[in-house]
Amino acid sequence: MKRFFFYILFFYLFAFRLSAQEEYSPYSEKGDSLLLIILPDVPVYPKKEFKSERETLAYRKLVRDVKKTLPLAKMIYATLIETYEYIETLPDEKTRQRHLKQMEDDLFEQYKPVLKKMTLSQGKLLIRLVDRECNQSSFHLVEAFLGSFRANFWNLFAGMFGASLKSEWDPDGKDAETEKVVRLVEAGIL
């Protein structure tokens, strides 16, 4: 009950403070301020019904894998943007290549333990999620930053484990269920 009165008092004071402002802002009308709240989009899907215990376990595994790999895919996207912007400021190609080599070594050192603990299915999912976040396949990203020789080497290395850096995100096809899970995880529902 005390909490209820505290909230009423808080909102009353907050509303009084907003209406007392005389300054012009884009959210005011004739000196009165308007409260603007932007709510995030929340995806709504029908309740998932499973036909068997096997489907339930597969769905839980997918949710677990997305929760583990999605932050990495977002971090990769942010790192790519930051690296690209920084490389543009470097004076010559030799300095750029030196920086890329140093960055590659630092990333290997930092994320090798994390990537080693990933399962094969998580690795394949990460490759597709990178394509989702960056709108380019992992192969094209590696090729753009490290060259075609290294891109082919890493694609060959991934191929030895049944993966491909050229895998693309297909939200309307084979990745439809994963897209739903990704959206629910991003919204904080799962």
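This is a predicted model: local features need pLDDT of at least 70, side-chain atom pairs count only at pLDDT 80 or more; totals for chains, interfaces and linings use all residues.
Local features require pLDDT of at least 70 and side-chain atom pairs 80 or more, while totals for chains, interfaces and linings use all residues. Residues are numbered from 1 along each chain as its sequence is written, and side-chain values use heavy atoms, without hydrogens and water.

The chain contains seven helices and two strands, taken as DSSP runs numbered from the N terminus (helices H or I, at least four residues; strands E, at least two). Their order from the N terminus is α-β-β-α-α-α-α-α-α. Of the 190 residues, 27% are buried (under 20% relative accessible area, 1.4 Å probe, protein chains only).

Helix 2 comprises 37 residues, 53-89, and spans 55 Å from its first C-alpha to its last, close to the expected 54 Å (1.5 Å times one less than the number of residues). A kink of about 30 degrees is found at threonine 69, shortly before proline 71; the bend is the angle between axes fitted to the seven residues ending there and the seven starting there.

Helix 4 (residues 120-134) packs against helix 7 (residues 176-187) at about 70 degrees, with the axes 13 Å apart. Axes are lines fitted to C-alpha atoms over the stretch in contact, and angles run from 0 to 180 degrees between N-to-C directions. The two helices are therefore roughly perpendicular (65 to 115 degrees). Leu125, Arg128, Leu129, Arg132 and Glu133 of helix 4 meet Thr178, Glu179, Val182, Arg183 and Glu186 of helix 7, contact meaning heavy atoms within 4.5 Å.

Conventions. Angles under 35 degrees count as roughly parallel, over 145 as roughly antiparallel, 65 to 115 as roughly perpendicular and the rest as oblique. Buried means under 20% relative accessible area, exposed over 50%, partly exposed in between (1.4 Å probe, protein chains only).
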